[in-house]
Amino acid sequence: QVQLVESGGGLVQAGGSLRLSCAASGSILVINTMGWYRQAPGKQRELVASITSGGSTNYADSVKGRFTISRDNAKNTVYLQMNSLKPEDTAVYYCSANLRTNWFANLGDYWGQGTQVTVSS
């Protein structure tokens with residue numbers, strides 16, 4: 001079984017910062033891309049940022065220059081440093097990992113339970 005456990009969400013004032021962490025554990029052979037998604041009330045889940053095992057990153061236009069994604073491959077952990085937060089960043093943030101559990105398994109997408117980020121104006 002694979003688990004992704006997020007931490008670091010909370011309430012912050014506009015202009016503030018938060019750092020999210022997500023640790024993957026369990027039966028993991030290799031992790032390809034890891035990422036952060038978010039879903040605000042009444043909206044669809046959207047990609048915030050992703051990072052490959054080699055360190056290539058991709059960001060949503062709305063967070064470029066404010067958010068930074070990084071990962072520690074030895075710890076199977078991905079981070080999201082969020083600076084200059086805006087009220088529109090308020091959402092539940094979900095961690096994802098595209099990984100293989102063993103040599104005979106296909107790559108699959110796994111998700112964390114989500115962590116709430118609330119930015120007050």
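Reply: Two strands are taken to pair if DSSP finds at least two bridges between them, and strands themselves are DSSP runs (E, at least two residues), numbered from the N terminus. This is a predicted model, in which local features need pLDDT of at least 70 and side-chain atom pairs count only at pLDDT 80 or more, while totals for chains, interfaces and linings use all residues. Residues are numbered from 1 along each chain as its sequence is written, and side-chain values use heavy atoms, with hydrogens and water left out.

Me: OK, which strands does S9 pair with, S10 for one?

Reply: S9 and S10 (residues 108-111) run antiparallel and pair over 4 bridges, with Ala-97 standing opposite Tyr-110 in S10. S9 also pairs in the antiparallel sense with S11 (residues 115-120), over 3 bridges, where Thr-115 is the bridge partner of Tyr-93. S4 and S9 are antiparallel as well, joined over 8 bridges, and in that pairing Arg-38 stands opposite Tyr-93.

Me: Now the open sheet: what is the order of its strands?

Reply: The order is S1-S3-S8-S7, an open sheet of 4 strands with antiparallel pairing. S1 (2-7) and S7 are the edge strands, each pairing on one side only. Neighbouring strands are turned against each other by 15 degrees on average, direction ignored, where the axes are lines fitted to C-alpha atoms (for helices over the stretch in contact) and angles run from 0 to 180 degrees between N-to-C directions.

Me: How many bridges are there at the two ends of that order, S1 to S3 and S7 to S8?

Reply: S1 and S3 are joined by 6 bridges and run antiparallel, with Gln-3 opposite Ser-25 in S3. S7 (residues 67-72) and S8 (residues 77-82) also pair in the antiparallel sense, over 6 bridges, and Thr-68 has Gln-81 in S8 as its bridge partner. The S7 and S8 hairpin has 4 residues between the strands, and Asn-76 takes a positive phi near 50 degrees there.

Me: Which residues of S7 are on the covered face?

Reply: Phe-67, Ile-69 and Arg-71 make up the covered face, while Thr-68, Ser-70 and Asp-72 make up the uncovered one. As background, side chains in a regular strand alternate between the two faces of the sheet.

Me: Switching topic, which cysteines form the disulfide?

Reply: Cys-22 and Cys-95 do, with their sulfur atoms 2.1 Å apart, and a search of the whole structure finds 1 disulfide (a pair of cysteine sulfur atoms within 2.5 Å). Cys-22 lies in S3 (residues 18-26) and Cys-95 in S9, so the pair ties together parts that are 73 residues apart in sequence. The link is left-handed, with -75 degrees about the S-S bond. Cys-22 is buried at a relative accessible area of 0%, and Cys-95 is buried with a value of 0%.

Me: And how many salt bridges does the structure hold?

Reply: There are 4 salt bridges, a salt bridge being a side-chain nitrogen of Lys or Arg within 4 Å of a carboxyl oxygen of Asp or Glu. Asp-89 meets Arg-38 in one of them, at 3.0 Å from N to O. That pair links distant parts of the chain, since Asp-89 is in the loop between S8 and S9 (91-100) and Arg-38 is in S4 (residues 30-39), 51 residues apart.

Me: What else does Asp-89 bridge to, and how far apart are the closest N and O atoms?

Reply: Asp-89 forms a salt bridge with Arg-66 too, and the closest N and O atoms are 2.7 Å apart. Arg-66 lies in the loop between S6 (57-59) and S7, and Asp-89 in the loop between S8 and S9, so the pair ties together parts 23 residues apart in sequence. Asp-89 counts as buried at 1% relative accessibility, and Arg-66 counts as buried at 11%. Arg-38, Glu-46, Arg-66 and Asp-89 are linked in a network of salt bridges.

Me: Which rings does Arg-45 sit over?

Reply: The charged end of Arg-45 sits over the ring of Tyr-94, 3.8 Å from its centre, and Arg-45 also lies over the face of Trp-111, at 4.8 Å from the ring centre. The rule is that NZ of Lys or CZ of Arg is within 6 Å of the ring centre and within 35 degrees of the ring normal.

Notes: Buried means under 20% relative accessible area, exposed over 50%, partly exposed in between (1.4 Å probe, protein chains only).
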